Amino acid sequence: MSGKEIFLKLFQENQPKEASSRRVVGERGRNDLPPGKKGGETMTPDRHYEHKQHTFDSFCKKVLKCEAYNGYREISRRKSREVAFGELPEGTMEQLASYDRYPWEYTSFPIGGDVILIENDRLAEALNALPQDGRDILLMYFFLDMADREIAERMHMARRTVNARRQKAYRLLKELMGGDVDA
Amino acid sequence: MLKSASTRAALLPYPVIAAAVRGEPDAVNAVVRHYSGYIAALSTRTSYDVHGCPHSYVDEELRRRLETKLIIAILDFNLN
């Protein structure tokens with residue numbers, strides 16, 4: 001017999017058929033006997049059952065109440081931390097943003113296998129105005145973090161030549177960008 | 001489910017409890033159905049619309065959570 005059938009059978013049995021069929025024997029407000037009892041039997045095992053029924057009822061209610069408490073606490077905690085997207089402070093908003101880079105926003109300078117992108121128009125113009133070798137040396141020195149010796153190897157010239165041309169190009173660049181030239 | 005005026009109706013019959021603790025699906029369903037009213041009452045929340053009118057609704061997420069918790073807890077009930 002499945003649980004559902006047991007449930008239905010017992011439930012129907014426990015319904016008084018009519019007003020006169022009320023059975024006596026009260027236990028915590030009950031006015032009918034456990035199933036299959038005529039009254040007058042020893043009640044010990046049944047009282048155990050009944051005790052368990054009450055225990056189970058209390059157990060389930062407690063479980064539900066505590067879990068509901070947990071649920072509501074979680075909801076209120078989430079509510080206190082959640083911020084609407086539109087109300088985010090600007091600093092946080094910037095962290096989430098991503099900026100697209102378009103080819104017309106920067107000038108690219110290819111050097112060997114590397115491409116250096118420069119967004120600053122003024123700097124890019126000044127760099128373009130420099131002679132080819134000076135520009136390459138400057139870019140390698142400042143953007144690729146190469147030492148003079150490495151630049152010299154790459155460009156097939158002496159280290160000192162690199163140093164001298166870099167300084168010359170740097171001075172020229174400074175002049176082009178309107179800065180004071182100091183040695 | 002039918003509820004008679006007597007307190008008797010508020011208690012599940014012992015065999016159903018025993019079957020539910022053993023994990024029989026029909027009995028577990030009967031228990032969940034028996035407490036569905038209480039679950040719904042617990043998971044009813046009140047929200048206020050733009051005009052400040054209270055509007056109560058059953059939080060489905062909370063209801064599912066309570067049902068799940070009840071089913072898990074039933075299996076741990078000590079029958080002895």
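Where in chain A is the place of H156(A)? H156(A) sits in the loop between helix 6 and helix 7 of chain A. The legends below refer to a predicted model.

**Figure 1. The loop residue H156(A) of chain A, between helix 6 and helix 7.** The phi angle of H156(A) is near 55°, a positive value in a residue that is not glycine. Most residues other than glycine have a negative phi. H156(A) has a relative accessible area of 73% and is therefore exposed, since the cut-off for that class is over 50%.

**Figure 2. The loop residue D145(A) of chain A, between helix 5 and helix 6.** For D145(A), too, phi is positive, near 55°, in a residue other than glycine. The relative accessible area of D145(A) is 67%, so this residue is classed as exposed.

**Figure 3. Packing of helix 6 of chain A with helix 7 of chain A.** Two packed helices are described by the angle between their axes and the distance between the axes. Here helix 6 (residues 148-155) and helix 7 (residues 159-176) of chain A pack at about 105°, and their axes are 8 Å apart. Helix 6 of chain A is therefore roughly perpendicular to helix 7 of chain A, a description that covers angles of 65 to 115 degrees. On the side of helix 6 of chain A, the contact is formed by D148(A), R149(A), I151(A) and A152(A). Helix 7 of chain A contributes R159(A), V162(A), N163(A) and R166(A). By class, the residues of this contact between helix 6 and helix 7 of chain A are three nonpolar, one polar and four charged.

**Figure 4. Packing of helix 5 of chain A with helix 7 of chain A.** The axes of helix 5 (residues 132-142) and helix 7 of chain A cross at roughly 95° and come within 9 Å. These two helices of chain A are therefore roughly perpendicular to each other. From helix 5 of chain A, the contact involves D133(A), G134(A), I137(A), L138(A), Y141(A) and F142(A). Helix 7 of chain A supplies V162(A), R165(A), R166(A), A169(A), Y170(A) and L173(A). The residues of this contact between helix 5 and helix 7 of chain A comprise eight nonpolar, one polar and three charged.

Figure 5. R166(A) takes part in the contact of helix 7 with helix 6 of chain A and in the contact of helix 7 with helix 5 of chain A. With a relative accessible area of 12%, R166(A) falls under the 20% cut-off and is therefore buried. The side chain of R166(A) forms a polar contact, at 2.6 Å, with the side chain of D148(A). When neighbours within four places in sequence are left aside, R166(A) is in contact with I137(A), L138(A), Y141(A) and D148(A).

**Figure 6. Chain B, with a view of A40(B) in helix 3.** Chain B contains four helices and two strands, which follow the pattern α-α-α-β-β-α along the sequence. Of the 80 residues in chain B, 40% are buried. Chain B exposes about 4,500 Å², of which carbon and sulfur atoms supply 55%. Among contacts in chain B between residues at least 6 apart in sequence, 42% join residues at least 24 apart. A40(B) belongs to helix 3 (residues 36-42) of chain B and is partly exposed, with a relative accessible area of 24%. The C-alpha atom of A40(B) is separated by 8.4 Å from that of D59(B), a residue 19 residues apart along the chain.

How values were computed:
Residues numbered from 1 in each chain as written. Chains lettered and ligands numbered in written order. Predicted model: local features only at pLDDT ≥ 70, side-chain atom pairs only at ≥ 80, totals over all residues. Heavy atoms only, no water. Axes fitted to C-alpha atoms, helices over the stretch in contact; angles between N-to-C directions. Parallel < 35°, antiparallel > 145°, perpendicular 65-115°, else oblique. Contact = heavy atoms within 4.5 Å. Nonpolar A, V, L, I, M, F, W, Y, C, P; charged D, E, K, R; others polar. Buried < 20%, exposed > 50% of the residue type's maximum accessible area, 1.4 Å probe, protein only. Areas by Shrake-Rupley, 256 points an atom, 1.4 Å probe, with all protein chains shown as cover. Polar contact = N/O pair within 3.5 Å; in protein donor to acceptor, adjacent residues only side chain to side chain.
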